[in-house]
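Dear colleague,

Please find below the structure that I am handing over to you. My findings follow it.

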Amino acid sequence: MITGRHLVEPGDFSIEELDELFVLAERIEADQSYLRESCRGKLLATLFFEPSTRTRLSFEAAMMRLGGNCLGFAEPGSSSAAKGESLADTIRMAASYADAIVMRNPKEGAALLASRYSAAPVINAGDGGHHHPTQTLTDLLTIKRLRGAPGSAALGGALTGLTVGFCGDLKFGRTVHSLAKALSRYPGVRFIFISPPELRSPEYITRDILIKAGASVEETDSLEKVMGELDVLYMTRVQRERFFNEEDYIRLKDTYILDGEKMSLAKRDMIVLHPLPRVNEIAVEVDRDSRAAYFKQAQYGMYIRMALLASILGAA
Ligand code: CP
């Protein structure tokens, strides 16, 4: 039961609890009227201290589709954070008005801190370069739906034997950190990290989590060399907002551009994921390739957030 619980990082829910969420999301996808009024009378606070399109809008759409309502802010300048109010006080207030809180914040650890001051469940919608657990739920549901055996309830089977390539900014990309950590809980996943040396995945992910869990981990700077081995290619944007200087960003931003030529090296059933927004790292021509799954992935994000909210609010 995840009713009333916080979601700060992917490991907060057990594998069995995740499977229940995926099954619920698939049921909602199949029957859009399912749980439609289940959150009537409930309020969701969406507190976004950083920009967002998908996460905020899909949470708000999810809550409204469940019959509930939303309140909040989309940028901190319109809240009393601009006057110097502490995060702890902001959270105490939001928890006294709403039944659950979704928060994005540029500081690593902000969601954990918020969870300690909140009387209502806190859902981490991204804390700096640290974690983005609901993007991970979205990514896992997408892999299950597109690579899993039809009708299979458990995610684990869909992941066994998969080679997953993460490409781009693996240093600052919180979606990479969250997804890699989540996948490390399932045996049989092979990880290939593709990045320039400056943007390698931090050792607290590769060494302390993946290798410690017994996963197969490889690192390379060449996408072309490994393209033919991948079952899932997880492309990422170079995170301009987390760089210390603009010159480094400009030098690194176009290191990898996935285009039709590179796609010709891939397996016919490989899928391309991207948490979005994309900048330059996937050429628009790839959108027409049946293996491009990133827009479908964003749509699954709404279904899994409906399942999450209904479960956390005790409405499922
Ligand atoms: N994937 C994701 O977090 O997108 P947004 O920044 O638009 O919310």
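How far is an oxygen atom of the ligand from an N or O atom in the side chain of Thr55? The distance is 2.7 Å. This is a predicted model, in which local features need pLDDT of at least 70 and side-chain atom pairs count only at pLDDT 80 or more, while totals for chains, interfaces and linings use all residues. Residues are numbered from 1 along each chain as its sequence is written, and side-chain values use heavy atoms, without hydrogens and water.

Two further side chains place an N or O atom by the ligand: that of Arg104 is 2.9 Å from a ligand oxygen, and that of Gln135 is 3.0 Å from a ligand nitrogen. Taken alone, the ligand exposes 250 Å², of which the protein buries 91% (Shrake-Rupley method, 1.4 Å probe). The residues surrounding the ligand, with a heavy atom within 4 Å of it, include Ser52, Thr53, Arg54, His132, Pro275 and Leu276.

As to the fold, four strands form an open sheet in the order E2-E1-E3-E4, with parallel pairing. Strands are DSSP runs of E with at least two residues, helices are runs of H or I with at least four, both numbered from the N terminus, and pairing requires at least two bridges. Strands E2 (69-73) and E4 (122-127) are the edges, each pairing on one side only. Strand E1 (residues 43-48) pairs with E2 over five bridges; there, Leu44 has Cys70 of E2 as its bridge partner.

With kind regards

Notes:
A polar contact is a pair of N or O atoms within 3.5 Å; within protein, one must be able to donate a hydrogen and the other to accept it, and residues adjacent in sequence count only if both atoms are side-chain atoms.
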